[in-house]
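Here are my notes for a first look at this structure. Please keep the model open beside them.

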Amino acid sequence: MIPEIGHFALILALVVALIQGSLPMLGAARGKRGWMRVAEPAALLQLLLVLIAFLALMQAYIVSDFTVWNVVENSHSAKPLLYKISGVWGNHEGSMLLWVLILTLYGAAVALFGGNLPERLRARVLGVQAWISTGFIAFCLFTSNPFARVTPPPLDGNDLNPLLQDPGLAFHPPLLYLGYVGLSMAFSFAVAALIEGRVDAAWGRWVRPWTLLAWCFLTGGIALGSWWAYYELGWGGWWFWDPVENVSLMPWLLGTALLHSAVVVEKREALKAWTILLAILAFGFSLLGTFIVRSGLLSSVHAFASDPTRGVFILILLGLAVGGALLLFAVRAPKLQAQGLFAPISREAGLLLNNLLLGTAAATVFVGTLYPLLLEAMGGGKVSVGPPYFNLTFVPLFLPLVLAMGAGPLLNWKRADLAGVLGRLKLALIAAIAVGLGAWILSDGGPVMACLAFGLAAWLLLATLIELAERISLFRAPLTESLRRAGRLPRAHYGMSLAHAGLAIAIFGITASSAWKQEEVRLMRPGETLTLAGYAYRFEGVERLQGPNYRSDMASFTVTRDGDYVATLTPEKRLYPVQNAPTTEAAIHTTGLADLYAVIGDPQDPQDRAGAWTVRLYHEPLVPWMWAGALIMILGGLVSLSDRRLRVGMPARRRKSLPAGAAEA
Amino acid sequence: MSEATPRTMKILIRVLFIVPLLIFAGTLGYLYFGLDPQRDPRAVPSALLDKPAPDFELPAVPGLQTPGLSRGDLEGGGPVLLNVFASWCVPCRAEHPLLSELVESRGVTLYGIDYKDKAEDAVAWLEELGNPYAAIGHDDSGRAGIEWGITGVPETFVIDGDGTIRYRHAGPLTRQLIEEELLPVLEQLR
């Protein structure tokens, strides 16, 4: 009965979405307030209905209702409760329902907190949101209904893919979706602005918090996914340039660009058409990501059930949404007048450079991801594009970006003095060169690119700190004065500094772990000791354990350094009998400066479990910095989001007929 | 552009704003192509299947006792296995014990192509893991790799007594793959 309630609620949600997508739009066009006002209650009702549907499915999972086909396929009665719940979105149908839930959540958030938006813009934004949710609810209902029943019901389910039975991955999809779908807000704002034919400073300020929120989630989602790959796949790597990873990176790059160009719109009323285009494309890439993952278009290490009919449906949705928006852009955007002019050396120009580099980076990832398909379509056979391509194209784009990032925040609006700025950053420059050379010497002339990246990361970190110190006149004015200034500095500024510093720290981690990782693969007998990067690993043996729905071979290593005990590592190799699938559970001990990483393979002779086992040990320098950097970036985003000026519920400020160039910086 | 009048500038700008739409339409077309249900993205087919093995002649790995490899070695006997490997390739390490086992317990003849590898690294690698190969060609330039249509390492081919390629697997061998695909093919050719 409950699954039918869920199904019915989802159908009702589709009807509500249709109303929300039509009446308020018509009302906005004809100036009928009553019609426009339908949007808010409709958005809230839509959320309620989709939530009912989602909870109904979750209930079916929790009680292991094996009359529901989706539960049979993806759950098992012996599974721990956490994975019964995460199983709801660990499959195609359920994850699309989560997608829709998050979409309606954002719509409801606009209805609740969008009080500062002009009535007409709000009605249109909610209308566009409803168009998107109409498409995706229809997608759920017609091609991937999670509530389909099965008769007769089987005794037990097929279990969730054991790779996905992991706390990291339990929360990875919701976070990533909050990011992906959050970009739909920027998209709706962009389309609404194009329909209105007006983009001004106020629009820039309204679209920023939503983009920032989506960006925080997206950053978290990507970092969590990467962390999962790091400890669950057991290859010691954290990023594989796999299509599924790439499609989450592209919206992140464009979302980051959008965050920065929206600042220019807000402060200077320039780069308007460009910002609109970015907003459309950022969400377009999110949809493309959904499409690629859901249609099985490209092969990937990540397993998802794929089905061509679903692919066609999403492709049509993608075509309508992005194609329609770009058509509107082609017609309307040329009329958007830029008001703030700026010199080639200025804050605006710096942000434009940031945008161009981020946009190009996204384009290279796009080409690298879809090139195999492109070549195949032209009859060129099948190829796969691997890390060498991305290292060759993506990395050289990111280096100048980091260089510009250090100096950018010190540039003035309109016109700036680059020589003066570089003079103020002398210290950072010297330190960067010292760090780069130091890395080169310490690694015996290690990879030049890595030393360069180290120097640049040091440059970014110091330049960010110097900028902040200058802002509050640290060491120049008395400490009380500095503190007073620090208190008055907008939170958005701290947010920026945190995010930039976080990226610098992450770059240290990324570079060190790619360039100076050490690994050792060999057969070890119990009692043998292996030394890697100064740490001695003593192999103590393997014991057999029984988990709730798996059995496990757990190895034990005692790690010492110069005779002192450091840690005990217990990597596991698990077998999930229901799906007959093995997983590796890496054991990781972090020292803050490096991760000690151990994986256990198979015994050399399957009969002789006390004999030699294949063992893989990795020494991963600075990997913890990568996760720390990502967390600091997210923290920066959240601090910026808490800024009074961006607060979503702040009272409306009338800035309707702004004279040219009158926006204050 | 200095000659452009405001009017032509305006038209140029209009055209510029249509470009994103056009690029998008092109992408959409390719994506549609990608949905063809006949297409299996994982299968990278070999144009060489059931064709005679390409002509090649590779020297021995310098510093290794094992002889070099040429087209002639593959012919004349029973079915043989040709494995393309490199010391820098992690999956090769993973499949190496399986290959050794095939040679030791099943009596399979195994030839190797050491692909784009430094000789000293390859020697050290084989010393560490053991050398099950009857002959190894050192393909320093990757030239033979092109002849064989290699998309990556490791790859494994089965060649019958007439020198015809009967089976190809791109990627590391697994126990399951050996049991279910490789051994039946070898059995059939014997």
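1. Chain A has a mean pLDDT of 83, with 90% of its residues at 70 or more. pLDDT is the predictor's confidence in each residue, from 0 to 100. This is a predicted model: local features need pLDDT of at least 70, side-chain atom pairs count only at pLDDT 80 or more, and totals for chains, interfaces and linings use all residues. Residues are numbered from 1 along each chain as its sequence is written, while chains are lettered from A and ligands numbered from 1 in the order in which they are written.

2. Helices (H or I, at least four residues) and strands (E, at least two) are DSSP runs, numbered from the N terminus.

3. Treat residues 299-305 of chain A with care: their pLDDT is below 50. Where pLDDT is low, the predicted coordinates should not be read in detail.

4. Ala186(A), Ile276(A), Ala279(A) and Ile280(A) have the most contacts inside the largest nonpolar core, which has 210 residues. Such a core is a set of buried Ala, Val, Leu, Ile, Met, Phe, Trp, Tyr and Cys residues joined through C-beta atoms within 7 Å. Buried means that 20 or more other C-beta atoms, placed from the backbone, lie within 10 Å of a residue's own. Helix α9 (residues 201-232) of chain A gives the largest share, 18 residues.

5. In chain B, an open sheet of 5 strands runs β5-β4-β3-β6-β7, with mixed pairing. Strands pair if DSSP finds at least two bridges between them. Strands β3 (residues 80-85) and β4 (residues 109-115) of chain B are parallel, over 6 bridges.

Methods
Buried ≥ 20, exposed ≤ 12 C-beta atoms within 10 Å, placed from the backbone. Contact = placed C-beta atoms within 7 Å.
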